[in-house]
Amino acid sequence: MLNPEVFILAIESSCDDTAAAVLCNDKVLSNVVANQLIHTQYGGVVPELASRAHQQNIVPVIDAALKKANIQKEQLSAIAFTQGPGLMGSLLVGSSFAKSTALALGIPLIAVNHMHAHILAHFIDEEGFEKPEFPFLALTISGGHTQIVKVNDFFDMQIIGETTDDAVGEAFDKSAKILGLPYPGGPLVDKYAQLGNPKAFPFTKPKVPGLDFSFSGLKTAILYFIQKKKIENPNFIDENINDICASIQYTIIQILMDKLKLAVQETGIKQIAIGGGVSANSGIRNTLKEAEQKYGWKTFVPKFEYTTDNAAMIGIVGYQKFLSQNFENASVVSKARIQF
């Protein structure tokens with residue numbers, strides 16, 4: 001008989017955020033994230049600096065998560081950690097800590113695919129949030145990934161569309177950089193876009209067959225557009241920042257929605273769940289909610305704190321794997337690229 005209370009300590013360290021969470025079954029007791037501000041001066045994540053910062057942050061973050069959850073480490077049932085994909089140095093900090101702690105406590109070790117976690121974050125028991133029913137379509141959008149996934153069960157997932165070059169988060173951040181906005185620029189584009197006219201400056205959508213995406217051409221088009229306009233008027237960006245951001249955001253959302261509509265048409269599945277850091281974007285959230293009325297879809301948008309990289313989403317996958325006794329031994333290795 002399984003203990004009705006399963007306590008999972010989850011660790012996420014795939015990029016530049018050190019995160020730890022404690023879950024009791026599918027309920028989050030604590031979810032602590034330490035951001036790394038050092039990368040802002042470089043305009044992007046520096047892998048070596050990221051792994052050093054993880055080493056500094058991991059003990060205080062895990063300590064804070066246990067205290068906030070009011071749990072002693074001896075009460076833990078298992079430890080879940082991000083195996084990949086991500087920055088190798090960053091992943092190794094989390095996996096090394098997870099392995100040694102699981103060994104010291106004599107409890108199971110659970111390896112988690114970061115991209116599965118973004119999708120399964122929807123199954124965290126959170127008041128006011130519904131859980132999707134299988135099968136559903138997941139649109140996973142982040143700084144490093146853009147995927148449409150057909151989700152048949154917790155660990156039966158199939159990528160049916162993905163980016164052929166850049167991820168959607170990169171398109172937002174690079175567009176922000178072109179406009180002279182600080183890193184990370186995606187949230188700032190969203191902020192200005194809410195004040196602008198989305199039809200002010202039309203950008204051409206890339207023509208990509210099937211359900212795949214491409215964003216590199218759009219980034220180039222935005223760069224040339226801004227360069228041309230600045231020659232005509234050096235103050236163009238300052239005078240039109242809201243409209244530029246609104247137009248960029250509108251184009252990106254239309255690209256995503258066109259592919260989602262095609263995916264629904266091809267699969268007949270009308271349940272859509274979004275995940276990943278870019279799903280925090282207000283324009284995407286609003287457009288998806290409108291799609292419920294417009295196309296008869298049922299859409300699922302996770303709680304804001306479960307969209308960006310966090311350990312609660314690692315914990316919910318850990319809980320599902322615990323139920324099926326899907327454990328690893330200390331020989332498990334971190335992987336910068338991992339089979340979906």
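How do the residues of the lining of the second largest pocket divide into nonpolar, polar and charged?

**Basis.** I worked from a predicted model, in which local features need pLDDT of at least 70, side-chain atom pairs count only at pLDDT 80 or more, and totals for chains, interfaces and linings use all residues. Residues are numbered from 1 along each chain as its sequence is written, and side-chain values use heavy atoms, with hydrogens and water left out.

**Pocket.** I found that the lining holds five nonpolar, eight polar and one charged residue; here Ala, Val, Leu, Ile, Met, Phe, Trp, Tyr, Cys and Pro count as nonpolar, Asp, Glu, Lys and Arg as charged, and the others, Gly among them, as polar.

**Ala-200.** I located Ala-200 in the loop between helix 5 and helix 6; helices are DSSP runs (H or I, at least four residues), numbered from the N terminus. Ala-200 counts as partly exposed because its relative accessibility is 26%, which falls between buried (under 20%) and exposed (over 50%), using a 1.4 Å probe and protein chains only. I noted that Ala-200 touches Asp-243 and Ser-247, leaving out residues up to four places away in sequence; contact means heavy atoms within 4.5 Å.

**Leu-179.** I then looked up Leu-179, which is in contact with Ile-226, Ile-237, Ile-241, Ile-244, Cys-245 and Ile-248, its neighbours within four places in sequence left aside.

Conventions:
Helices (H or I, at least four residues) and strands (E, at least two) are DSSP runs, numbered from the N terminus.
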